[in-house]
Amino acid sequence: MNKFSTQPLRGFSDFYPEEMRVDKWILGKIREVVEGYGYEEWNGPTLESIDIFAAKSSEELVTEQAFIVEKVKGEKLILRPELTPSLARMVAAKIKELELPLRWYVFPNCFRYERPQRGRRREFIQVNVDILSHDGLYADLEIFNIIVDIMKSFGVTGKQFQIRWNNRRFLDELLLMVAKVPEGLKNQVYKMIDKRDKMEPAEYEKWVRDTLRDDAAADRVLQIGSFHDINVLPFDNLPHEFFEYPGVKEVQQLTEMIKKAGLKPYCTFSPEIVRGLDYYTGTVYEVFDTGTENRRALFGGGRYDNLIDLFSDVQLPGTGFGLGIYVLELFLTTYNKIPPEVKLPDRSHGVYIAPLDASCLLLAIKVAQLLRAQGKQALVGYDCRKLGRQIETASKRGFPYVIIIGKKEVDAQSVTLKNLQNGEQQTVPIAEMGKILVSKT
RNA sequence: GCCCCCAUUGUCUAGUGGUUAGGAUAGAGGGCUGUGGUCCCUUUGAUGCGGGUUCGAUUCCCGCUGGGGGCCCCA
């Protein structure tokens, strides 16, 4: 008879204990950092109405890349592809009682019907960290600080990653007032700038010139991405009041703040960073591997001015980032930053109890319970294999101690405690077992 | 949705149009009937699925499934 395939669905993963330990380790590090900044964990439902995604996001997201659940005909539910609409909904519902600024994080599993490739699955865990408040630049700076602290907690340095940041307001001013790009072509030019780094320079130049049909404007658009300092711009026609533009001032101020906060080794101002989302309005950023192994952005985010406008007339700006932990894992693996012991079960407080035959099992179980009551981890070798094998197993699995229980121990109501590191062993009454273990581990 | 590459025991892999598909490692048992990590012996276990060519296919061809890489997209 044909058996079912043991493979998971395309783009989905099985998580065996080893993978779970790696994920938990990564999330634990991130949690430690964001909790240190006072962020609170939240969560939304896994299923949402498709409407809020259709309204907020592109047509393609909803029609092509959504996992749709249609239990009742006509009622379209979507397995969440991201959490921002849920965040907006939940914040809007309690906008009057929530205290600003709101510092929230969540580690949701999200779903997108895409072609799986390096760092991309159809179900993935995407860390979201958001701060919702009215004072913009300090919130942006805090997010940069968090990103840097997260990366540092994994032991990577500014040599291995960079936050490349830009500002949408600034980019608008640059395109419309300096490059003189017609308003109608703005979004197309955004798209081109976004693609710049992936294309051959000649091909890119041709694309820009063909699209703009204005050599002067094209010349200036082609300069975007060639400079990394707002104070040294390669344009000869800057308007007199250029440095009074709000976007330009924001970039200048944030540059200054980054320097003073000591984040300069980790941040690069990069005017070609656009991000696809329509709702970004201020500072945007993407985190990159500086090496060649991971060419895509590791993760990114940005500032949006109208998070909750679908649900409320109240205006609430915010900024935050989304980080797929599978991509981060590949990055960390590239730089050898996942310690091998992360993949092994933690037996540092473990005791392996080795009964010699079935008549010893009841005492073994009782001893295990006593140990657990003291906060130890205790495993009973129910199969009662021969002692050599049991010790071998315990040793290979990393247990520091074995407790041997045979006929002698049952008769005397004692245990034989063996230290696997140095081979020492002693037989003690059960009542004293805890004391000895506590003093040793 | 498109393009390229890939698929052999749990894992890593060798090999072949023809008779028992080989090794390493992991697992199980024993050497050692109450003492581990080394060693020795024995043993379990594989050609992803479906179709075609052929006397015969694990091998060649097609499709499917899954994986890797890229395009599109990246909310």
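Let's start with a pair of helices. Helix H1 covers residues 17-36, and helix H11 covers residues 325-334. Their axes come within 11 Å and cross at roughly 95°. That makes H1 roughly perpendicular to H11, because angles from 65 to 115 degrees count that way. Keep in mind that this is a predicted model.

Two packed helices are described by the angle between their axes and the distance between the axes. Now for the residues. Which residues of H1 meet H11? They are Val22, Asp23, Trp25, Ile26, Leu27 and Ile30. On the H11 side, we have Ile325, Leu328, Glu329 and Leu332.

Next, the surface. Find helix H12, residues 361-373; Leu362 lies there. Is Leu362 buried or exposed? Leu362 is exposed, with a relative accessible area of 70%. Leu362 also belongs to a nonpolar surface patch with Ile365 and Tyr382. Together, these three have about 340 Å² of accessible area.

Now Ser414. Look in strand E16, which runs over residues 414-419. Ser414 has a relative accessible area of 7%. Ser414 therefore counts as buried, since the cut-off is under 20%. What does Ser414 touch, leaving aside neighbours within four places in sequence? The contacts are Leu363, Glu409, Thr427, Val428, Pro429 and Ile430.

Last stop, Ala55. Ala55 sits in helix H2, residues 50-56. Its relative accessible area is 52%, so Ala55 is exposed; the cut-off for that word is over 50%. Ala55 and Gln7 are 48 residues apart along the chain. Between their C-alpha atoms, the separation is 36 Å.

How values were computed:
Residues are numbered from 1 along each chain as its sequence is written. Chains are lettered from A and ligands numbered from 1 in the order in which they are written. This is a predicted model: local features need pLDDT of at least 70, side-chain atom pairs count only at pLDDT 80 or more; totals for chains, interfaces and linings use all residues. Side-chain values use heavy atoms; hydrogens and water are left out. Patches are made of residues with over 30% relative accessible area and no salt bridge: like charges are joined within 9 Å, nonpolar side chains (Val, Leu, Ile, Met, Phe, Trp, Tyr) within 5 Å. Accessible areas come from the Shrake-Rupley method with a 1.4 Å probe; for residues, only the protein chains shown count as cover. A salt bridge is a side-chain nitrogen of Lys or Arg within 4 Å of a carboxyl oxygen of Asp or Glu. Helices (H or I, at least four residues) and strands (E, at least two) are DSSP runs, numbered from the N terminus. Buried means under 20% relative accessible area, exposed over 50%, partly exposed in between (1.4 Å probe, protein chains only). Axes are lines fitted to C-alpha atoms, for helices over the stretch in contact, and angles run from 0 to 180 degrees between N-to-C directions. Angles under 35 degrees count as roughly parallel, over 145 as roughly antiparallel, 65 to 115 as roughly perpendicular and the rest as oblique. Contact means heavy atoms within 4.5 Å.
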